[in-house]
Amino acid sequence: MKLDRLIGILAMLLQKDMVTAPQLASHFEVSRRTISRDIESLCRAGIPVCTRQGANGGISIMEGYRMERTLFSSREMQEILAGLRGLDSVSGSRHYARLMEKLCPGASGVINGRDSMLIDLSSWYKKTLAPKIELIQSAIEKKRLLCFCYYGPGGESRRTIEPYYLVFRWSAWYVWGWCRDREDYRLFKLNRMEEVTISSEDFPARNTPFPDLSNERIFPGGIPVRALFAPEVKWRLVEKFGPECFIQQENGWLLFQCDYTDKDNLVSWLLAFGDRAVLLEPESVREELTDSLKRLLALYESDAPERLKDG
């Protein structure tokens with residue numbers, strides 16, 4: 001695109017005292033005639049670009065024209081490129097790295113061979129996730145309604161939303177938008193979305209607030225939990241809640257205390273520890289956990305697995 005090329009040419013002129021038309025033509029893979037027209041466009045836009053003929057000639061910005069030539073330090077460039085590579089890891093392309101190259105030619109060489117920061121945002125669901133992200137981005141840009149089937153704790157439902165933001169948080173991708181079914185803003189996890197389509201219907205942009213993604217907003221707590229965990233699962237507690245979430249007892253077991261958000265998730269989480277976790281409080285959840293264990297035991301002691309397998 002011409003605009004991308006003009007930005008790239010300007011970035012090169014800001015970083016170098018002088019470049020030649022053949023160098024620009026080769027870099028942007030266009031003809032010298034096209035470069036000449038681009039230089040004219042920059043001049044018409046108010047950028048004082050000068051051309052000098054001869055053996056030492058070339059194209060430069062007029063002497064005395066004050067503009068910051070060093071937009072980013074080397075470390076800043078490393079961080080920007082690492083972030084852009086992280087976005088590229090979702091789709092497996094180099095779209096964002098190429099974008100950075102257009103803005104600051106030669107930038108990709110800043111960290112080649114000596115990367116100190118690697119960001120990979122891809123997942124096990126990369127083949128299905130990348131098309132969803134591309135589709136949602138398109139819906140956001142075109143202000144088109146997004147329709148999909150959503151799998152949530154309450155079952156399956158068809159949703160139609162006005163999409164506003166793609167969000168990467170809590171190690172997963174989400175879309176934030178106005179849900180026409182619930183008449184409120186909602187956060188939808190992409191891995192739970194299927195049959196995603198863009199409607200032909202446009203929507204008028206709302207005065208949408210920036211998503212409040214604080215833990216207090218998304219995970220409001222409300223269930224005070226006290227439990228004992230075996231010492232060999234300490235790493236799991238530290239990974240999820242940090243090292244301050246428990247007090248080590250004399251016998252080595254860990255007294256865990258925190259506020260939990262959802263009762264069903266709490267029961268599922270505790271069951272995943274097997275006999276290496278004992279819930280102390282709240283009593284109501286202890287009762288539900290006990291009932292779940294009884295149902296599980298009954299399921300394995302009966303012929304239910306065979307009956308379920310046979311349909």
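Modeller: A nonpolar core here is a set of buried Ala, Val, Leu, Ile, Met, Phe, Trp, Tyr and Cys residues joined through side-chain atoms within 4.5 Å. Buried means under 20% relative accessible area. The model is a predicted one.

By that rule, the largest nonpolar core has 21 residues. Those with the most contacts inside this core are Phe229, Leu237, Phe256, Leu266, Trp269 and Leu270. Two or more residues of the core come from each of these elements: E8, strand E10 (254-260), H9, E11 and helix H10 (283-301). Apart from this core lies another, of 17 residues, with Met12, Ile35, Val49 and Ile61 among them.

Now to the rings. Two aromatic rings are described by how far apart their centres are and by the angle between their planes. The count for the model comes to 18 aromatic pairs.

One aromatic cluster takes in Phe229, Phe241, Phe256, Tyr260, Trp269 and Phe273.

Phenylalanine 273 has a charged neighbour too: arginine 236 lies over the face of its ring, 3.9 Å from the ring centre. Tryptophan 269, with residues up to four places away in sequence left out, touches Phe229, Leu237, Lys240, Phe241, Phe256 and Tyr260.

Valine 238 is located in helix H8 (residues 234-241). Its relative accessibility is 34%, so valine 238 counts as partly exposed. Beyond its neighbours within four places in sequence, valine 238 is in contact with Pro243 and Phe246.

A cis peptide bond, with omega about 5°, joins glutamate 281 and proline 282. Proline 282 is in the loop between E11 and H10.

That leaves the rest of the chain. Its secondary structure comes to eleven helices and eleven strands. Of its 311 residues, 36% count as buried. Among contacts between residues at least 6 apart in sequence, 59% join residues at least 24 apart. The accessible surface comes to about 19900 Å², and 50% of that belongs to carbon and sulfur atoms.

Some buried residues carry polar side chains. Glutamate 162, in strand E4 (residues 155-169), is one of them. Its relative accessibility is 2%, so glutamate 162 counts as buried. The side chain of glutamate 162 makes a polar contact of 3.0 Å with that of tyrosine 164. Among the residues in contact with glutamate 162, leaving aside its neighbours within four places in sequence, are Trp176, Trp178, Phe203 and Arg206. Arginine 206 in turn lies over the face of tryptophan 178, at 4.1 Å from the ring centre.

Arginine 5 is in helix H1 (residues 2-15). At 15% relative accessibility, arginine 5 also counts as buried. A polar contact of 2.5 Å joins its side chain to that of aspartate 38. Not counting residues up to four places away in sequence, arginine 5 touches Phe28, Val30, Thr34 and Asp38.

Two glutamates in loops complete the picture. Glutamate 29 lies between helix H2 (21-28) and helix H3 (32-44), and its phi is near 55°, a positive value in a residue other than glycine. Glutamate 29 is at 72% relative accessibility and so counts as exposed. Glutamate 183 is in the loop between strand E5 (172-179) and strand E6 (184-189). Its phi is also positive, at about 55°, although glutamate 183 is not a glycine. With 61% relative accessibility, glutamate 183 counts as exposed.

Notes
Residues are numbered from 1 along each chain as its sequence is written. This is a predicted model: local features need pLDDT of at least 70, side-chain atom pairs count only at pLDDT 80 or more; totals for chains, interfaces and linings use all residues. Side-chain values use heavy atoms; hydrogens and water are left out. Helices (H or I, at least four residues) and strands (E, at least two) are DSSP runs, numbered from the N terminus. Buried means under 20% relative accessible area, exposed over 50%, partly exposed in between (1.4 Å probe, protein chains only). Contact means heavy atoms within 4.5 Å. Accessible areas come from the Shrake-Rupley method with a 1.4 Å probe; for residues, only the protein chains shown count as cover. Rings of Phe, Tyr and Trp (its six-membered ring) pair if their centres lie within 6.5 Å; planes under 30 degrees apart count as stacked, over 60 as edge-to-face and the rest as tilted. A charge sits over a ring if NZ of Lys or CZ of Arg is within 6 Å of the ring centre and within 35 degrees of the ring normal. A polar contact is a pair of N or O atoms within 3.5 Å; within protein, one must be able to donate a hydrogen and the other to accept it, and residues adjacent in sequence count only if both atoms are side-chain atoms.
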